[in-house]
Amino acid sequence: MVMVTVGDKPIWGDLNQGEDISAWREAQTFLRPAFCSRNLLGALTLGSDPADLASVETAAQYLDRLA
């Protein structure tokens, strides 16, 4: 596992609070070639359950906000 730090201060990345996630997006673009598939990212890092379409959709929306 590797920890990557982006931006000048820690944030939650809450778009509803108007937090700027542009540094996260840049990091995601740079690291994308090292990522596993979206299905595995959703299941292993965000806890989505392939049998629960709502959790799969929630994970996809979270990943999409960085793309």
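In which loop is serine 48 found?

A: Serine 48 is found in the loop between helix 2 and helix 3. This is a predicted model, in which local features need pLDDT of at least 70 and side-chain atom pairs count only at pLDDT 80 or more, whereas totals for chains, interfaces and linings use all residues. Residues are numbered from 1 along each chain as its sequence is written, and side-chain values use heavy atoms, with hydrogens and water left out.

The protein chain has 3 helices and 0 strands; helices (H or I, at least four residues) and strands (E, at least two) are DSSP runs, numbered from the N terminus. The order of the elements from the N terminus is α-α-α. The C-alpha trace spans about 40 × 30 × 20 Å along its principal axes.

Serine 48 counts as buried because its relative accessibility is 12%; buried means under 20% relative accessible area, exposed over 50% and partly exposed in between, with a 1.4 Å probe and protein chains only. Of the 67 residues of the protein chain, 19% count as buried. Leaving aside residues up to four places away in sequence, serine 48 touches Gly42, Ala43, Ser55, Val56 and Ala59, where contact means heavy atoms within 4.5 Å.

The axes of helix 2 (residues 38–45) and helix 3 (residues 53–64) come within 10 Å and cross at roughly 110 degrees. Helix 2 is therefore roughly perpendicular to helix 3. Axes are lines fitted to C-alpha atoms, for helices over the stretch in contact, and angles run from 0 to 180 degrees between N-to-C directions; those under 35 degrees count as roughly parallel, over 145 as roughly antiparallel, 65 to 115 as roughly perpendicular and the rest as oblique. On the helix 2 side, Arg38, Leu41 and Gly42 take part, and they meet Ala59, Ala60, Leu63 and Asp64 in helix 3. The residues of this contact comprise 4 nonpolar, 1 polar and 2 charged. Here Ala, Val, Leu, Ile, Met, Phe, Trp, Tyr, Cys and Pro count as nonpolar, Asp, Glu, Lys and Arg as charged, and the others, Gly among them, as polar.

Across the protein chain, 36% of the contacts between residues at least 6 apart in sequence join residues at least 24 apart.
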